[in-house]
Amino acid sequence: MCGIVGYTGPREAAAILLGGLRRLEYRGYDSAGLATVEGGRLHLRKRMGRVSELEDLLARRPARGGCGISHTRWATHGPATDANAHPHAGGRAGMVGLAVVHNGVIENHARLRAELMAEGFPFASETDSEVIAHLIARALETTHDLLEAVVTILPRLEGTYGLAVCSASHPGLIVGARMGSPLVIGVGDGEHLLASDAAAVAPHTKRVVYLEDGEVASLTPAGLDLAHRERGPVAPRIDRIDWHPDQAELGGNPHYMIKEIREQPTTVVDACRGRLSRRDATACLGGLNLSPRALRRARRIVLVGCGTSWHAALVGEYLIERIAHLPVEVEYAGEFRYRNAPLDDRTLVFILSQSGETADALGALREAKRRGHPTLAIVNTVGSTIAREATGGIYLHAGQEVGVASTKAFAAQVAVLTLLALYLGRLRHLSFSDGLAIVEALESAPGLIEEALKVEPIVERAAEQVATARTALFLGRDLLHPVALEGALKLTEISYIPAHGYPTAEMKHGPIALVDPQTPCVFLSARSPLYSKTLSSIEEVRARGGHVITIGTDGDRVLPALSDTFLPIPDAPEVILPLLAVIPLQLLAYHVALKLGRDIDKPRNLAKSVTVE
Ligand code: F6R
């Protein structure tokens, strides 16, 4: 989704801004632009399309200066065009002197636009963001101080914003403000950066300050001032980024998605590191900030997330109910935040989010918090808004996930939910030996995922036919039901082949109407008490001439005989089957998209971090 990068310091801003935008490309965008201040002049360059197109424009029309702001836009108000790209210039006709970049949505933009147009401010775009530029320009006519002008107009904005402003009349100064859309300051030596994602500042400095809602920052090469717009000055709290930007390099892989699929053995090691206790046959989850007594009192768990995180939560439901015997409900964050879901004081609410910035997930967290509930986060991005606002939680430690299609974060979420189920189980009735079996299963998972990844050549062949399909079905039972849903989502989002995931038993209640020789039906069926029931469902598809792909345990003699393609995964304890069964599905989506020539790491219309509702 939209990205912001700003720089003020002794170096040429444009090169640093372009480098920063490249680091944010993974988030998804459809236009890019920048503005720099050189002496008393403002240079504005913007282009629909990729950052490389902006770079071409800058090669022809350079934008010099040591201070500037830049943006990648993911269209919301108005299509992707040069005019709608940010930055937006503010000022009366012929008097443009400042530029603004904005993430978020200004809900009262139409009213503000009408008011500004009546006063003669010219509008060049269809965006909601342009009103901010003109509001600041109008305030600057009386205050003559950029920081004061920004602070003056913020109360007029209804909605969400992370914004950055620079002005020809204030060389070297960038003003940033946050309400509901993340901003982070990079603190360098004699220079400062401002970005919507720490990934953009990481190559320049490890020292960062995360802005909170309501805070306004003013940055010059030498100075950083932070204030809350109502409460006054704030002492900046400097955090350190603990990952290296090189972690986000491709390392010889053609795409981030395949790199991240292949990283999953390490992902699970990192998610479980220091969290497994053989001595007590349990998990150690210190960050929950709830006493064992408070956790034992819990009578119900609510897991909230979106997309892949929601699928991981569904795996969590099966695991926690089975291992800890606690009732679990899984909620879509976008529904939960507005639904009057009954929560009592013995309900624990967990918010799952890879990015920690998803607007719906954040809204759900705030709603639970507003009602006085402790809110627990299962989040990957350290320092993200959800991580900071939650009362406690568990980090995934999966490292930066760049591919828009989430893969390794799913594995980390499932591993962490298994740890949580084990921990809650051992606080209650789960025996030492049953707990130890889960500890051992998790310890064996990385090696087994490594084994599972060897299926890739068979998947590649299966992808040939799936790539020609108009639709596909993914079916699984029990713990593999959410994995089937995840397989369908992965295929849909990166190959654009509409795929549907169902619990296998639901097939005969409707989806079976899709079965024909051109429709791949992907069955997940490792050894479990429900194995024979899945065999019957496969027979039903075969009887109708369907194309059958099965995922089952290596050494299974029955499934290959019933399948057009059999994709083996290693024999493993049931609790870690989701971590293994998802591997062929992620690989299938990847290879189908590759064969179809899709933009795998940046699928159309999608964004890595969905920071608008
Ligand atoms: C799918 C995908 C999305 C995200 C969803 C939630 O591959 O990546 O469905 O899972 O947008 O994002 P987070 O987990 O960052 O809250």
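Domain bounds here come from an automatic or database domain assignment. On that basis the chain is divided into domain 1 (3-241), domain 2 (245-430) and domain 3 (452-602), and the C-alpha centres of domain 1 and domain 2 lie 33 Å apart. The model is predicted, with local features needing pLDDT of at least 70 and side-chain atom pairs counting only at pLDDT 80 or more, while totals for chains, interfaces and linings use all residues. Residues are numbered from 1 along each chain as its sequence is written, and side-chain values use heavy atoms, without hydrogens and water.

Twelve residues from domain 1 and twelve residues from domain 2 make up the contact between them (heavy atoms within 4.5 Å). The area buried between the two domains (accessible area, 1.4 Å probe, lost on being put together and summed over both) is about 990 Å², with carbon and sulfur atoms giving 47%. On the side of domain 1, R23, Y26 and Y210 lose the most area to domain 2, together 48% of what that side buries.

Two salt bridges are counted between domain 1 and domain 2 (a side-chain nitrogen of Lys or Arg within 4 Å of a carboxyl oxygen of Asp or Glu). R388 forms a salt bridge with E212, with the closest N and O atoms 2.8 Å apart.
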